[in-house]
Amino acid sequence: CYLKNSLERLNVDVSKSKRLSFHLGSKLVRGAYMPRERARAIAKGYASPIHDTLQETHDCYNNAMEYLLRQMKSTKSPSIKVMCASHNRESIELSIKLFHELGLSNDSCDGLSFAQLYGMADDLTIPLGENGGKGYNVYKYLPYGQIKEVVPYLLRRAQENADVLGKSKYEMELLFDELKDRCKIL
C-alpha cells in the first residue's frame, strides 16, 4: 500500500476476479521498498510512485482494507479472503472493528486472517488467535535463507516497522505486569 495506485490496482484485481469467477486472496502489506522506489524514479526521470508521507501509506492501507472487507461482504461467489499483514495496532483494530460492523463471520476462520514477523508485535498476535477458540487465523513467519538475502530483508522490515520496534518498552512492561500477576498466585 505504499504505492499511490494501490487502490486502483486492488479494484482491477477485484473486478477481474468477479468477471472471471475466481477466488481472490489478498495479503495486504504496506511495503518496505520506498527508498529503492524513490531512487529508481529519480534515476529514470519519472514521478515517484510511492506516497509522499508515512501517514499517506497508513491511510492507503486502512482504506484498502476497508475496500476489501466491503467487497468481501458484497461478494458471495467468487469469494474474497483477506490477510492483514501488519504490525500496526491501529490497522489491526480497524480491520477487526469493520469486519464485525459489516456483519462478516469468521466461523470458518478464513475470511480475515493476520500475519506478522516472528518476534514482533506478540502482544497483538496472541489475543487475535484466542477468543475461546473462535479467534482468527494468525500466521507468524520466520524468514530463512542465505545471510546475504535474509539480513537485507530483516533490515527493510525493521525500517518499515520502526514504530513497532520502539514499542519494545511497552511489551516489556506487559511482560513485567504478567510476571507480577503470576507471582501473586504463588
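**Close-up views of a predicted model**

**View 1. Buried positions on helix α1.** S6, L10, V14 and S17 are buried in α1. Down the axis of α1, its buried residues fall within an arc of 70°, so they line one face of the helix. R19 and L20, on the other side of α1, are exposed. The model shown here and in the other views is predicted.

**View 2. Span and surroundings of α1.** Helix α1 covers residues 6-20, 15 residues in total. Its first and last C-alpha atoms lie 21 Å apart, close to the 21 Å expected at 1.5 Å a residue. The cover over the buried residues of α1 includes β1 (24-28), α3 (54-74) and β2 (80-85). S21 follows α1 and has a positive phi, near 55°.

**View 3. The largest nonpolar core.** This core has 27 residues. L28, M65, L69 and L112 have the most contacts inside it. Two or more core residues come from each of α1, β1, α3, β2, α4 (89-101), β3 (112-117) and α5 (122-129). Helix α3 gives the largest share, 8 residues. In soluble globular proteins, nonpolar side chains tend to be buried together.

**View 4. Contacts of L28.** Residues up to four places away in sequence are not counted here.

**View 5. The four-stranded sheet.** The sheet is open, with 4 strands in the order β1-β2-β3-β4 and parallel pairing. β1 and β4 (137-141) stand at the edges with a single partner strand each, so one side of each has no neighbour in the sheet. Neighbouring strands are turned against each other by 20° on average, direction ignored.

**View 6. Pairing of β1 with β2.** The two strands, β1 and β2, pair in the parallel sense over 5 bridges. L24 stands opposite I80 in β2. Strands of a sheet pair through backbone hydrogen bonds, either parallel or antiparallel.

**View 7. Helices α4 and α5 across the sheet strands.** α4 lies across β2 and β3. Its direction is at about 170° to β3. α5 lies across β3 and β4. The angle between α5 and β4 is about 145°.

Definitions and conventions:
Residues are numbered from 1 along each chain as its sequence is written. This is a predicted model: local features need pLDDT of at least 70, side-chain atom pairs count only at pLDDT 80 or more; totals for chains, interfaces and linings use all residues. Side-chain values use heavy atoms; hydrogens and water are left out. The expected span of a helix is 1.5 Å times one less than its number of residues. Buried means under 20% relative accessible area, exposed over 50%, partly exposed in between (1.4 Å probe, protein chains only). The arc is that of the directions from the helix axis to the C-beta atoms. Contact means heavy atoms within 4.5 Å. A nonpolar core is a set of buried Ala, Val, Leu, Ile, Met, Phe, Trp, Tyr and Cys residues joined through side-chain atoms within 4.5 Å. Two strands pair if DSSP finds at least two bridges between them. Axes are lines fitted to C-alpha atoms, for helices over the stretch in contact, and angles run from 0 to 180 degrees between N-to-C directions.
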